[in-house]
Amino acid sequence: MSSLSITTGDIYVMSIIFLMVFFGLALVTAFLTPDRPSGTDKSTRRIWFWVLAVASGIFNYAYFSFVAIPDSWAKLTSIAQAMPANIQAYADLNAANVWASICVVIVFIFIGFIVSRCASRTKLGSWF
C-alpha cells in the first residue's frame, strides 16, 4: 500500500490559494456589475459576495474530499493491511479539510468586510 502523499500543510496552502481565487472572483464580479438607477446593483453585488463566500468553502471541501485525499485504505482486501497509522493519517487529513474549509469561509467574510469598509465609496462598499 502506498502512503498518503498529501499532508495537512498541503491542505492549508491550497486552501489559501482557493481563498485568493474566489476572492478575486468576488472582486471581478463586483466591478463588472453595472450601476443601475434603481439600486438593484448593490443587492446583486451583495448576493454574489455571499454566494462566492459559501462556494469557496464548499469547493475547498469537495476538492480535498473527492480529488486530493486518497481513500485507498478503505479498499484494502484485508484488515491486516489496514495500518492504524494510515487510518489515523486519513482521519487527520479529513479533520484538517473540514477546519480549512470553515476557515476559508470565515477569512473570506472577514477580508470582505475590511475591504468593504475601506472602499466604502466604491462598488466594493455594497458588500456589507
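Author: Helices (H or I, at least four residues) and strands (E, at least two) are DSSP runs, numbered from the N terminus. Met14 lies in helix H1, and Ser15 is also placed in H1, which covers residues 8–32. This is a predicted model, in which local features need pLDDT of at least 70, side-chain atom pairs count only at pLDDT 80 or more, and totals for chains, interfaces and linings use all residues. Residues are numbered from 1 along each chain as its sequence is written, and side-chain values use heavy atoms, without hydrogens and water.

Reader: Is Ser15 buried or exposed?

Author: Buried means under 20% relative accessible area, exposed over 50%, and partly exposed in between (1.4 Å probe, protein chains only). Ser15 counts as buried because its relative accessibility is 3%. Met14, at 26%, is partly exposed.

Reader: Which residues does Ser15 touch?

Author: Contact means heavy atoms within 4.5 Å. Not counting residues up to four places away in sequence, Ser15 touches Asn60, Phe64, Ala100 and Val104.

Reader: Which residues touch the most other members of the largest nonpolar core?

Author: A nonpolar core is a set of buried Ala, Val, Leu, Ile, Met, Phe, Trp, Tyr and Cys residues joined through side-chain atoms within 4.5 Å. Among the 13 residues of the largest one, they are Phe23, Ala26, Phe49, Leu52, Phe108, Leu124 and Trp127. H1 gives the most to this core, with five residues.
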